[in-house]
Amino acid sequence: ISWVGHTIPTHLHVISAQVLLLKYCIVFFSKQGMQLIILLIICSGLLNVILGDLCSICVCEEDVVSCRGMELENHFNATHWNGTKQSIADLSRNSIVHLRQFSEIGVNILILSHNTITKIDDACFKNLQNLTELDLSYNRLTSDQLNPHIFKGNYAPEKYEPLSNLRVLKLSSNALHTLHPDIFEHLPNIEHLSLDSNPFKVLDRSTVTAIGSIPFLKFLDFSSMYLKSIPE
């Protein structure tokens, strides 16, 4: 092989070809490697959504996991909640209609306001033994649907665990016109009850019995109603 009157040894030509091939391989596999990395990142994100890691779906801060306004139709399962350390869970402003039983999670405050909830399963909150505040305001709950069984705690023949830590219950702006007389039997320590902006016209005997059964009640909101009178 010659170049401008000089002869290039064959072995040098082979080496040059090998160098070019090596460079090509490096570039090719670098590109493939980058594509592979990108693919792995995407797959990892999808797996997080499918298999768990709530913070990859919602916004997690120090004390709050916010799934607010995400058009959710149901809350997450145990796999998603696994490892979640936040004490406040905000599931407000979604499209939840049917509220099914929650798995065992350690949240203290659960916000479910501004959904379209019309049905809540029995013992829906029994696994939330640390729950201190429950916000069900701005939904479509009726008096027929809101029954005592919803708030059942864990039960076994030798031991019954009501939702004894729950202190605040917000039921504002639903479709309630009366309360079941035993609605609070599983909530022995309620201190704050919000019933404002519901279509109560009178406080019937059933409602009065229900409210009278709360021994530690400190705050009761009946504002923005069309009540003609309040029993003494």
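In this predicted model, R205 and G212 of helix 3 are exposed. Helix 3 spans residues 205-212, and T207, A210 and I211 are buried in it. Viewed down the helix axis, the buried residues fall within an arc of 90°, so they line one face of helix 3. This buried set packs against strand 14.

Strand 5 covers residues 88-90 and contains I88. The relative accessibility of I88 is 21%, so this residue counts as partly exposed. Beyond neighbours within four places in sequence, I88 is in contact with D63, V64, V65, I109 and I111. For D63, the C-alpha to C-alpha distance to I88 is 6.1 Å, although 25 residues separate the two in sequence.

Nonpolar side chains in soluble globular proteins tend to be buried together. In this model the largest nonpolar core has 47 residues, of which L99, F102, L110, L112, F125, L134 and L179 touch the most other members. Apart from neighbours within four places in sequence, the contacts of L99 include L112, I117, I120 and F125. Among the other contacts of L99 are H75, K119 and D121.

Three aromatic pairs are found in the whole structure. The ring centres of F102 and F125 are 6.0 Å apart and the planes meet at 20°, so this pair is stacked. The pair connects distant parts of the chain, 23 residues apart: F102 is in the loop between strand 6 (98-99) and strand 7, and F125 is in the loop between strand 8 and strand 9. F102 has a relative accessible area of 1% and is therefore buried. F125 is likewise buried, with a relative accessible area of 1%. F125 also forms a stacked pair with F151, with 6.1 Å from centre to centre and 20° between the planes. Here too distant parts of the chain are linked, since F151 is in the loop between strand 9 and strand 10, 26 residues from F125. Both F125 and F151 are buried. Through these ring pairs, F102, F125 and F151 are linked into a cluster.

Most residues other than glycine have a negative phi. H114, which is not a glycine, has a positive phi near 55°. This residue is in the loop between strand 7 (109-111) and strand 8 (119-120), and H114 counts as partly exposed because its relative accessibility is 27%. Y138 also has a positive phi, of about 55°. Y138 is located in the loop between strand 9 (133-135) and strand 10 (154-156); at 41% relative accessibility, Y138 counts as partly exposed.

The average pLDDT of the chain is 83, and 77% of the residues score at least 70. Over residues 1-19 the pLDDT is below 50, and this stretch has seven contacts beyond near neighbours in sequence. Residues 40-51 also stay under 50, with eight contacts beyond four places in sequence. Where pLDDT is low, the predicted coordinates should not be read in detail.

Definitions and conventions: Residues are numbered from 1 along each chain as its sequence is written. This is a predicted model: local features need pLDDT of at least 70, side-chain atom pairs count only at pLDDT 80 or more; totals for chains, interfaces and linings use all residues. Side-chain values use heavy atoms; hydrogens and water are left out. pLDDT is the predictor's confidence in each residue, from 0 to 100. Contact means heavy atoms within 4.5 Å. Helices (H or I, at least four residues) and strands (E, at least two) are DSSP runs, numbered from the N terminus. Buried means under 20% relative accessible area, exposed over 50%, partly exposed in between (1.4 Å probe, protein chains only). A nonpolar core is a set of buried Ala, Val, Leu, Ile, Met, Phe, Trp, Tyr and Cys residues joined through side-chain atoms within 4.5 Å. The arc is that of the directions from the helix axis to the C-beta atoms. Rings of Phe, Tyr and Trp (its six-membered ring) pair if their centres lie within 6.5 Å; planes under 30 degrees apart count as stacked, over 60 as edge-to-face and the rest as tilted.
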